[in-house]
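Student: Could we go through this structure together, one piece at a time? I'd like to ask things as they come up.

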Amino acid sequence: MAGFRDFLMRFRPVGSPGRAAPGGVPADRSAELSAELEPPLSMLEQAEAEARAVGERAVRRAAEVRAEATRQAEEIVEQARARTHDVRVETADRVRREAEAEAAELLASAEHEAATVRHRTETRMPALVDRVAALVTEELGTWRAVTAQAPGPRGEPGGRSPS
């Protein structure tokens, strides 16, 4: 690469326009510039080549990662499909057990309620039977008294009405 002094020499006046001065040759600026720019441009070309190589490697690596992710996803889906039957059976068993437990609770509650009603019936029944018997006896007594006083079909008391 050109040094600082060479850089400053680019700005040195060569001569005034007109006839050629003795010993002075005009500088070839395009040759100097291309000689000066050749090393950085070659380095830039190398950097571009490296960038292309890195990009290509990245594209290949991304394709590999995508392929691996697709394979893993397919494997996970396959495992999930394989487990669906087991999960359904487990869920059905759990739901059945919960339903059986609830049915057992309801049955126990109903049996307790039935026992309570039976006990209440057993304790109240004799008094109710006595009361009904007394009411029936009283009603029969009243009915007999009424029928004994009522005139019969022939006009006699105690006659029965035809039924």
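**Salt bridges and surface**

Tutor: Let us begin with one residue, keeping in mind that the model is predicted: E75 is partly exposed, with a relative accessible area of 40%.

Student: Okay, and which side chain does E75 meet in a salt bridge?

Tutor: The partner is R71, and the N to O distance in that salt bridge is 2.9 Å. R71 is partly exposed as well, at a relative accessible area of 39%.

Student: Where do E75 and R71 lie?

Tutor: Both of them are in helix α2, where they sit four residues apart, about one turn of the helix.

Student: Which residues are linked in a network with R71?

Tutor: R71 belongs to a network of salt bridges that links it with E68 and E75.

Student: How many salt bridges turn up in the whole structure?

Tutor: A search of the whole structure finds six. Among them is the one between E64 and R61, whose closest N and O atoms are 3.5 Å apart, and these two residues are three residues apart in helix α2, again about one turn of the helix.

Student: Is R61 buried or exposed?

Tutor: R61 is exposed, because its relative accessible area is 51% and the cut-off for exposed is over 50%. E64, by contrast, has a relative accessible area of 49%, so it counts as partly exposed.

Student: What about E100, which side chain does that one meet?

Tutor: The side chain of E100 meets that of R96 in a salt bridge, at 3.3 Å from N to O. Because E100 and R96 are four residues apart in helix α2, about one helical turn separates them. E100 is partly exposed at 45% relative accessible area, and R96 also counts as partly exposed, at 41%.

Student: Changing topic, which residues make the nonpolar surface patch?

Tutor: That patch, of about 390 Å², is made by V132, V136, L140 and W143. If we pick out V136, we find it in helix α2, which covers residues 29–149, and its relative accessible area of 43% makes it partly exposed.

Student: Now the whole protein: how many helices and strands are there?

Tutor: The secondary structure comes to two helices and zero strands.

Student: And how much of the protein counts as buried?

Tutor: Of its 163 residues, 2% count as buried. The accessible surface of the protein comes to about 14,700 Å², and carbon and sulfur atoms account for 59% of that surface.

Technical notes
Residues are numbered from 1 along each chain as its sequence is written. This is a predicted model: local features need pLDDT of at least 70, side-chain atom pairs count only at pLDDT 80 or more; totals for chains, interfaces and linings use all residues. Side-chain values use heavy atoms; hydrogens and water are left out. Buried means under 20% relative accessible area, exposed over 50%, partly exposed in between (1.4 Å probe, protein chains only). Accessible areas come from the Shrake-Rupley method with a 1.4 Å probe; for residues, only the protein chains shown count as cover. Patches are made of residues with over 30% relative accessible area and no salt bridge: like charges are joined within 9 Å, nonpolar side chains (Val, Leu, Ile, Met, Phe, Trp, Tyr) within 5 Å. A salt bridge is a side-chain nitrogen of Lys or Arg within 4 Å of a carboxyl oxygen of Asp or Glu.
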